[in-house]
Amino acid sequence: MVQELQLYNTLHRNIEPFKPIAAPFVGIYVCGPTVYGEPHLGHVRGPITFDILHRYLLHLGYKVRLVRNITDVGHLTNDSDDGDDKIAAKAKLEALEPMEIAQMYTNSYHAMLMQLNVLPASIEPRASGHIVEQLEMIETLIQKGFAYSSNGSVYFDVEKYSETHDYGKLSGRIKEELLAGSSRRNLEGQNEKRNTADFALWKKADKSHIMQWNSPWGKGFPGWHIECSAMSAKYLGTQFDIHGGGLDLLFPHHESEVAQSTACFGTNPAKLWMHHNMVTINGQKMAKSLNNGILVKDFFTGNNPLLDKAYSPMNLKFFILQAHYRGTLDFSNEALQAAEKGLNRLLETRETIEKLEPSAISSWDVDKWVKECFEALNDDLNTPILIAKLFEAVKQCNSTFAKIESLSAEDIKKLQNFFSLFVFEILGLQKEEKSQSNKEIEFLELLIELRRNAKENKDFATADSIRNKLTELGVTLKDSKEGTSFTIN
Ligand SMILES: [Zn+2]
């Protein structure tokens, strides 16, 4: 039986009781998005996972400070410190200011969070607004002998750190392998690092680089890892309760954060490291090369060849919650449609509870059910078990409504309160009215069908007139073998 909240700590590879450093305050840092593109399916799971944690901690009475950064500089297109800055590369491509790119996609990210009913962060710091803090940390690391400058850049000295600390502890990588593999490569003289395991704290910028700042080592820009260490220390202190992120960030990003912060402040920044797993698409990893990415906004319009239809934000959210955050989750249309049915049944039950007629005695145990729901949450936020418990209540409710089971007035009230608590407050689901945009999409689909019928009947004048009228209204149709898709401008 799990009576208090227990969470899996990646650092110890163990589920452990959650004990805040200074209750009732809880400090959480979550690695936020690198804002250089529209949010896609891979961006959905993190915010939803940490939102359940956030909401449950609030319910337990904690005062939570959730810091989620916006990476608007320093995240390179590859992890070996020699790629382009992602934001700068996109800015060049789209002929916009880098800050315009960052703002545009920050707005898209916020819109997605609103649609998914994710509570806002307490602080949302931007990397570009914390250059001073990052420079201070880098200088301390150099003074302490854990970093060195080389040709206008500054690198963290992994070998030096490893003499006294366990580099690889968080990610479970073996430091001897990291160092041995890298020394060998470094002998070939491929870069300016002492060891290829070393990572950039500061990168020298040449004239063509559009985002750069002055530093003691010349003009440059910060490395991606140092921003999270500097901003978490600024807003949560040098040690805080929980650091979260996706499993894909475990190495090198989080391992580097641990090393930098430990070397600088003498302590692992977070007591508990929490990682959510990835979403796959039809059994495959999402990747640009596989062309299997789905933008979040595509789910809501259905306008993507991988989608059979449009799905609502709550449908997408409920689908995510049906898997435990540490397991992989495979996207498929079938799974989303099953989630849609499940969600509707849950939401209908909230109304059924209102209609229940009280009996003198209860034939089922509501207290036991409530206890089991909390146990599921306490057991490392086990949302699939919680949802299974909610469906047990759905079944019992229907039986009670059909007078096969019975509930006292007191138990009906209790059921009402706790059902709402779990579904709306903690899982953060909400009832959705069919939105205007969904109706518009249905009208559009109807017009596309009429146009197809007209074409089949060789009535090309009508088909063309539908297309032209839609173009005037800002809707572009595109015909292909699979059918007709549309874009709304
Ligand atoms: Zn981070």
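What spacing do the donors of the zinc ion follow along the chain? The spacing is C-x196-C-x24-H. The structure is a predicted model.

**Zinc site**

Three residues coordinate the zinc ion, at 2.1 Å: Cys31 through SG, Cys228 through SG and His253 through NE2. Cys31 sits in the loop that connects β3 (25–30) with α1 (45–59), while His253 belongs to helix α8 (residues 250–265), so this pair ties together parts of the chain that are 222 residues apart in sequence. Cys31 and His253 are both buried.

An open sheet is built from four strands with antiparallel pairing, in the order β5-β6-β7-β8. Its edge strands, β5 and β8, each pair on one side only. From one strand to the next, the twist averages 20°. The residue ranges of the strands are as follows.

| Strand | Residues |
|---|---|
| β5 | 147–150 |
| β6 | 153–156 |
| β7 | 199–204 |
| β8 | 220–222 |

Strands of a sheet pair through backbone hydrogen bonds, in either a parallel or an antiparallel arrangement. Here β5 and β6 run antiparallel and are joined by four bridges. Within this pair, Tyr148 stands opposite Tyr155 of β6.

Which strands does helix α4 lie across? Helix α4, residues 131–143, lies across β5, β6, β7 and β8. Relative to β7, helix α4 runs at about 120°.

How values were computed. Residues numbered from 1 in each chain as written. Predicted model: local features only at pLDDT ≥ 70, side-chain atom pairs only at ≥ 80, totals over all residues. Heavy atoms only, no water. Pairing = 2+ DSSP bridges. Helix = DSSP H or I, 4+ residues; strand = E, 2+ residues; numbered from the N terminus. Axes fitted to C-alpha atoms, helices over the stretch in contact; angles between N-to-C directions. Contact = heavy atoms within 4.5 Å. Donors = N, O, S within 2.8 Å, 3.2 Å for Na, K, Ca; no water. Buried < 20%, exposed > 50% of the residue type's maximum accessible area, 1.4 Å probe, protein only.
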